[in-house]
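Dear colleague,

Please find below the structure that I am handing over to you. My findings follow directly after it.

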Amino acid sequence: MNGQVAVHSGGGEAATAHRPLTWRVLPPSPDAAVLVLHGGREFGSAPPPALNLPGLRMRPFARAVERGALTAPGRSLAVGAVRYRCRGWNADRADAARDAEAALADLAEQLGPVPTVLIGHSMGGRAALRAAAHPCVRGVVALAPWCPRDEPTAHLSGRTVLMLHGDRDKVTAPGDTDLFALRAREHGARVAGYRVYGSGHTLLRRAGDWHRSTADLALALLGVGTLPDEVAAALALQGDAADGLHLPLAGRR
């Protein structure tokens with residue numbers, strides 16, 4: 001979620017032809033879906049490069065979801081990713097959110113109104129939270145999300161929002177995530193938050209814990225497995241209660 005303004009990439013026919021939804025796993029008749037959204041920059045109109053490190057960072061999360069889905073006999077899960085036209089959010093253009101909304105529209109057209117969970121990191125977390133009003137979205141798992149203090153939350157009423165943030169993050173502020181969570185809860189969202197102690201913004205420290213826990217939470221929101229007791233208790237809280245936003249993420253045993 002950092003960086004400088006990039007050079008404009010042109011537009012025209014290429015921009016019109018952009019398809020924001022790409023599938024990793026697409027069974028014949030899926031009954032649920034998970035989409036992953038990678039990070040980016042505050043500004044930048046050029047497309048992501050061919051070697052896109054934020055995109056590569058999300059692949060282990062998608063693989064963890066795919067492995068978890070294999071343990072659910074009788075369930076058929078599609079796993080996809082959102083492709084951005086631009087590397088940046090770009091102020092009021094909110095390009096990543098627009099791409100997320102377009103991907104959800106494509107998903108609903110292809111699969112029907114299947115329950116869907118969005119997993120997003122950094123700028124991708126902001127895009128996932130912004131797009132969560134789509135009727136297919138069951139919930140969001142936001143990883144070190146970029147949550148400016150004026151980011152809207154009213155549209156999250158009735159949604160489940162799980163937020164994981166490293167305590168050593170120097171790029172997106174854990175405190176801003178907490179404030180966003182409180183405002184979302186006041187607007188009727190079900191919210192719980194984990195602190196990943198010892199980890200920063202790139203999700204590299206304790207990577208296995210990030211991957212495992214994120215996949216387990218996303219699948220539980222779709223009814224594949226159950227939510228941890230501490231998360232279920234936090235999701236039951238309402239109003240301006242701050243409890244359940246700093247749950248310590250357990251390490252792999």
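Arg-252 is exposed in this predicted model, its relative accessible area being 56%. The residue belongs to the segment that follows β8 (247-248).

As to the overall architecture, the chain contains seven helices and eight strands. Its radius of gyration is 17 Å, close to the 18 Å given by the globule rule for 253 residues, so the chain is as compact as a globular protein of that length. Along the principal axes, the C-alpha atoms occupy a box of roughly 50 × 40 × 35 Å. Of the 253 residues, 55% are buried.

Salt bridges deserve a separate paragraph. The whole structure holds 13 of them. One of these pairs Arg-24 with Glu-66, with 2.6 Å between the closest N and O atoms. Arg-24 sits in strand β1 (residues 21-25) and Glu-66 in helix α2 (residues 53-69), so this contact ties together parts that lie 42 residues apart in sequence. Arg-24 itself is partly exposed, at 36% relative accessibility.

A further salt bridge joins Arg-98 and Asp-95, at 3.1 Å from N to O. Both residues belong to helix α3 (residues 95-111), where a spacing of three residues places them about one helical turn apart.

Asp-209 and Arg-206 form another salt bridge, with an N to O distance of 2.9 Å. Here Asp-209 is buried, with a relative accessible area of 8%, and Arg-206 is partly exposed, with a value of 24%.

Leu-227 is placed in the loop between α6 (207-221) and α7 (229-235). The C-alpha atoms of Leu-227 and Thr-160 are 12 Å apart, and the two residues are separated by 67 residues along the chain.

With kind regards

Technical notes. Residues numbered from 1 in each chain as written. Predicted model: local features only at pLDDT ≥ 70, side-chain atom pairs only at ≥ 80, totals over all residues. Heavy atoms only, no water. Helix = DSSP H or I, 4+ residues; strand = E, 2+ residues; numbered from the N terminus. Buried < 20%, exposed > 50% of the residue type's maximum accessible area, 1.4 Å probe, protein only. Rg over C-alpha atoms; globule rule 2.2 N^0.38 Å. Salt bridge = Lys/Arg side-chain N within 4 Å of Asp/Glu carboxyl O.
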